[in-house]
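Please read them with the coordinates open.

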Amino acid sequence: PGGNYMPKIFSVLDKIKPVYDIAEKVMMVICKLLLIADILVTCYMVIGRYIPFIPAPVWGEQVVLTLMVYMAVLSATLAIRNNAHIRMTCFDPYLPKTLIKVLDIISDLLVLALGYVMLVHGWTAAIKLGARGFYDSLPWLSRFWMYLPVPVAGAGMIVFSIEQLYQHIKAFFVKEEKTEEKEVAA
């Protein structure tokens, strides 16, 4: 009787998946908007250098670099959601499936810990270091915005690592459907 509870728990927890889907879509839209802004500012900088009556913005390079940092760390959280981050899997075919599942859980816990460190210490750095100065070319803009992507990415890593951890724990209790073998047989 005890074994019947786990699939019920997983069916209840699976109802949270749409929230993760929405979070991923929002993060993807933000990354796309950052990329568009990055391209527009870069084009404006290039045009300003070669067309005499359009002045090149002095703030352009710092803004482009800041946008690139935001895109890099936010897209890293998306890689965690899609299980597309860099990892070594060359030994997976030779290891027992249970060991691979355990190693996946350990990996999830380590990524979760990294997300926590990024969130807590990144926020501290954003507050302390960001309050100390301003962008050189934009003296009215605090450097807080330069450090903010680290805790934001940490929060995203925590959210998506929890989902990956859940999926890997669920794999221990719920049998995988082998759809590839069914398709080949048909």
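**Notes on helix packing and aromatic pairs**

1. In this predicted model, the axes of helix α4 (residues 97-130) and helix α6 come within 8 Å and cross at roughly 160 degrees. Because angles over 145 degrees count as roughly antiparallel, α4 and α6 are roughly antiparallel to each other. The crossing in which α4 passes α6 is left-handed, and the contact of α4 with α6 has 21 nonpolar, 7 polar and 3 charged residues.

2. Ser-161 is placed in helix α6, which spans residues 149-173, and is buried, with a relative accessible area of 2%. When neighbours within four places in sequence are left aside, Ser-161 is in contact with Ile-80, Asp-108, Val-111 and Leu-112.

3. The count of aromatic pairs comes to 6. One of them joins Phe-10 and Phe-173 in a tilted arrangement, with 5.9 Å from centre to centre and 35 degrees between the planes. This pair links distant parts of the chain, as Phe-10 is in helix α1 (residues 5-13) and Phe-173 is in helix α6, 163 residues apart. Phe-10 is buried at 4% relative accessible area, whereas Phe-173 is partly exposed at 44%.

4. The rings of Tyr-44 and Trp-59 also form a tilted pair, with centres 6.3 Å apart and planes at 40 degrees. Tyr-44 lies in helix α2 (residues 17-50) and Trp-59 in the loop between α2 and α3 (60-81), so the pair ties together parts that are 15 residues apart in sequence. Tyr-44 is partly exposed at 35% relative accessibility, and Trp-59 is partly exposed at 29%.

5. Which residues do ring pairs link into a cluster? The cluster consists of Phe-10, Tyr-166 and Phe-173.

How values were computed:
Residues numbered from 1 in each chain as written. Predicted model: local features only at pLDDT ≥ 70, side-chain atom pairs only at ≥ 80, totals over all residues. Heavy atoms only, no water. Helix = DSSP H or I, 4+ residues; strand = E, 2+ residues; numbered from the N terminus. Buried < 20%, exposed > 50% of the residue type's maximum accessible area, 1.4 Å probe, protein only. Contact = heavy atoms within 4.5 Å. Axes fitted to C-alpha atoms, helices over the stretch in contact; angles between N-to-C directions. Parallel < 35°, antiparallel > 145°, perpendicular 65-115°, else oblique. Left-handed = near helix turned anticlockwise from the far one by under 90°. Nonpolar A, V, L, I, M, F, W, Y, C, P; charged D, E, K, R; others polar. Phe/Tyr/Trp six-rings, centres within 6.5 Å; stacked < 30°, edge-to-face > 60°.
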